[in-house]
Amino acid sequence: MASLHQAVLLLGPPGSGKGTQGKLLGAIPGIFHHSSGEVFRNLDPSSKIGAVFAEYSQHGELVPDEVTIDVWRENIDHQEQAGHYLKGRDLLVLDGIPRNANQATILDADLHVHRIVHLWCDNEDAFVQRLKKRAIKEGRSDDANEAVIRNRFAVYRRQTQPVLDHYPAGLISKVDALGTHTRVLRDMLSVISPIVESLQQA
Ligand code: ADP
């Protein structure tokens, strides 16, 4: 349906590479990458919503759903109006949203979800190490503190993993997140490129 966003969801714990891979995918014409964490981090910290984000993210907690969905809709509309994103034609790769079952239910009104790419690994410590490295490189305060990192994983297990149950099992593609960038990207492209091609030919 033209009124829905044609979407693929990237789902995986903190440090699984959603942002890194999402950015690479977003460089391809026909794909638009949206990272909810990045949109939040770009808010003016002295604005009301910027302050709400800081309050929750510094503890590794999720921002309340209503605020999150409002920020998401506003940003996507803005990207569309600015001509950066062509709704219905471009594949929207969502990274970091929906982040719990309630957000997934709300977004059912906005999205046609073609696929969920589940970035996984069976060794949480590897992801923790990645986060610590990134915290130093990018100055991310939420990932500089081990207790906050552990809480981000707990929040992921408790709130985000159930998002997988919201969608039919047949829509989920598991990709091993512990490979090289090129291998993970290749696996993701093998899932995503047929969808991009079908949107462009429609
Ligand atoms: P990462 O990419 O490292 O997994 P994000 O950058 O996506 O983490 O998110 C950073 C913080 O932004 C989260 O801990 C949370 O506070 C907030 N956030 C991002 N996306 C959402 C969302 N969909 N719902 C609620 N909070 C969110």
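Tutor: What follows is an account of the ligand, the pocket around it and a cavity.

This is a predicted model, in which local features need pLDDT of at least 70 and side-chain atom pairs count only at pLDDT 80 or more, while totals for chains, interfaces and linings use all residues. Residues are numbered from 1 along each chain as its sequence is written, and side-chain values use heavy atoms, with hydrogens and water left out.

The ligand is surrounded by 19 residues, of which the closest are Ser36, Arg41, Glu61, Arg134 and Arg152; a residue belongs to this shell if one of its heavy atoms lies within 4 Å of the ligand. Sorted by class, the shell holds six nonpolar, six polar and seven charged residues, where Ala, Val, Leu, Ile, Met, Phe, Trp, Tyr, Cys and Pro count as nonpolar, Asp, Glu, Lys and Arg as charged, and the others, Gly among them, as polar.

The space that the ligand takes is the largest pocket, and a molecule is said to sit in a pocket if more than half of its atoms lie within 2 Å of its grid points. Helices (H or I, at least four residues) and strands (E, at least two) are DSSP runs, numbered from the N terminus.

A pocket is an open set of points on a 1 Å grid over the protein atoms alone, with protein on both sides within 12 Å along at least five of seven lines, whereas a cavity is a set where a 1.4 Å probe fits but cannot get out; lining residues have an atom within 4 Å of a point. The largest pocket holds about 1,200 Å³ of space, a volume being the space filled by probe spheres set on the points, which are joined across faces, edges and corners. Among the 48 residues lining this pocket, Gly15, Gly19, Arg41, Arg134 and Arg140 are the closest to its centre. The helix α6 (124–138) is among the elements that give two or more residues to the lining, and α6 gives the most, with six residues.

The count also comes to one cavity of 30 Å³ or more. The largest cavity holds about 40 Å³, and its lining includes Ser36, Val39, Phe40 and Ile97.
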